[in-house]
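Reader: I would like a close look at one part of this protein, the aromatic side chains and how they pair. Please take me through it step by step.

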Amino acid sequence: MNKTSATAISPSLTGQLAALLARPVAPAARARARLHVLDWLGCATLGAQRPAGRAMAGLLREHGAGPCWTLGHGPRPLDAALRYNASLGNILEMDDVHRSSILHPGPVIIPAALAVAQHRGIDDADALLDAIVRGYEATIRIGRAIGVSHYRYWHNTASCGGFGAAAACASLYGLDQAQLVSALGNAGSRSGGLWRMRHEDVMSKQWHTADAAASGVAAAQLAAHGVSGPHAILEGEQGMFAAMSIDADPALVTREEADWLIFDTTFKPWPACRHAHPAIDALLQLLQRYAVSTSAVRSVRVDTYADALLFCDRPQPRTEAQARFSIQHALAAILAYGAPQLPHYASASLDDANIARWRTSISVHADDGYSTRFPQAYGARVSVTLEQGCVLTLALDDTRGDPACPMTALDIEAKAAMLMDAAGMAPAQAAQLRQAVLALGAGTHLASLWPALSCLDQLERP
């Protein structure tokens, strides 16, 4: 990203953020970005075969061929390709997540960066990885600053994701900092995404990520052609913080950090909403620590933060999507069949008598202490009452995949392999694709990536 003189850079929060994004990206951050690309690709590959993914493929039927790769549907025009690809990564609820900003950067930023890099003919893999790192940084900084009150009504991934797509695209376009300020301003000016969708059996969440990616990319493209945007879109009168939050902390946009915030992002090991993960991990650890046989369990009580109940207190899920947003279902499946697996959330599991029996024995409660610490920590306490009456309890704030309990690179590759296998990819073909992604950077060329990705055209289509 080019630098401009200090007089050309806005003193607004977006101006200060633009200056932070201009700093060099180190090889370690690029290596981390590679893992997020692989993680997104695994999630999207199987997501494309789910009903929501098949429905979103309708976007492509309105367009002919184009220059940009799509997952399983050949090359399409830029806007159609990035919208479709950006709709896929969150379908399984296994996408990466940043806790204090309460959002999922990968499903928005990575497909936007891939589409723009290919559209512009960029062959430098480091440029792609740098763009992704900068996109994560912009999204996370704004997401954590907007405050937890925003999350009550707004889907943070949608409302803040466009900033990340704009920052990533600006990096690939080589915009100067003044242009980036305009791109961020215009990305914020169209921000939105209401949580009403969670109360109905709909696919709006996929549209949210698709639209955030496309709007962010368009904002950067317009800035490249001289279209100006509001500098004080965050902190200004009638700006985003005033309109969408009652507890925004503007200082968090520019707070000094030891490294890029992509390192503070969580990988998700389980195919369920992140709000269910503390209870999942606490139960798994409790059963292992005390060598408890599930036949000895009478009931389970979960105490966790209020927002986990708002999204995941669902004792009788009736769809696959509802099962992924049910703490009761997640724990019941563990008690019935062990560590979470994809089949535990398939349609057949909804009427599984063994899982249904366990769901009735699980209660979920809001805890003031955990609620106060959210979103800095996503905690839960699980208490298991055994048949003889004794109670075993385990509490935690960090779950597997969090920075304090990280998944290794091999864990992340294994997760991607599992998802690709579930999507029907041949093992050798899937391994070649993973290797192509993990080889990005260090002087490699993107020209070698597109043929590897095109193997996904051979998978089953809608």
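Author: Rings of Phe, Tyr and Trp, the last taken by its six-membered ring, count as a pair if their centres lie within 6.5 Å; planes under 30 degrees apart are called stacked, those over 60 edge-to-face, and the rest tilted. The model here is a predicted one. By this rule it has eight aromatic pairs.

Take the pair of tyrosine 151 and tryptophan 195 to begin with. The ring centres are 5.6 Å apart and the planes stand at 90° to each other, an edge-to-face arrangement. Tyrosine 151 sits in the loop between α6 (125-145) and α7 (156-173), while tryptophan 195 sits in the loop between α8 (177-189) and α9 (204-224), so the pair ties together parts that are 44 residues apart in sequence. Tyrosine 151 and tryptophan 195 are both buried.

Tryptophan 195 also pairs with phenylalanine 311. Here the centres are 4.7 Å apart and the planes are at 70°, so this pair is edge-to-face.

Why is tryptophan 195 counted as buried? Its relative accessibility is 8%, and buried means under 20%. Phenylalanine 311 is buried because its relative accessible area is 6%, judged by that cut-off of under 20%.

These residues belong to a wider group. Tyr151, Trp195, Tyr305, Phe311, Phe374 and Tyr378 make up one aromatic cluster.

Arginine 198 lies over the face of phenylalanine 325, 3.8 Å from the ring centre. Over the face of tryptophan 270 lies arginine 400, at 5.8 Å from the ring centre.

Aspartate 402 is placed in the loop between β4 (391-396) and α19 (409-422). Its relative accessibility is 0%, so aspartate 402 counts as buried. The side chain of aspartate 402 makes a polar contact with the side chain of arginine 274 at 2.9 Å. The aspartate 402 side chain also reaches the backbone nitrogen of threonine 399, at 2.9 Å. Leaving out residues up to four places away in sequence, aspartate 402 touches Arg99, Thr266, Arg274 and Asp397.

Methods
Residues numbered from 1 in each chain as written. Predicted model: local features only at pLDDT ≥ 70, side-chain atom pairs only at ≥ 80, totals over all residues. Heavy atoms only, no water. Helix = DSSP H or I, 4+ residues; strand = E, 2+ residues; numbered from the N terminus. Buried < 20%, exposed > 50% of the residue type's maximum accessible area, 1.4 Å probe, protein only. Lys NZ or Arg CZ within 6 Å of the ring centre and 35° of its normal. Polar contact = N/O pair within 3.5 Å; in protein donor to acceptor, adjacent residues only side chain to side chain. Contact = heavy atoms within 4.5 Å.
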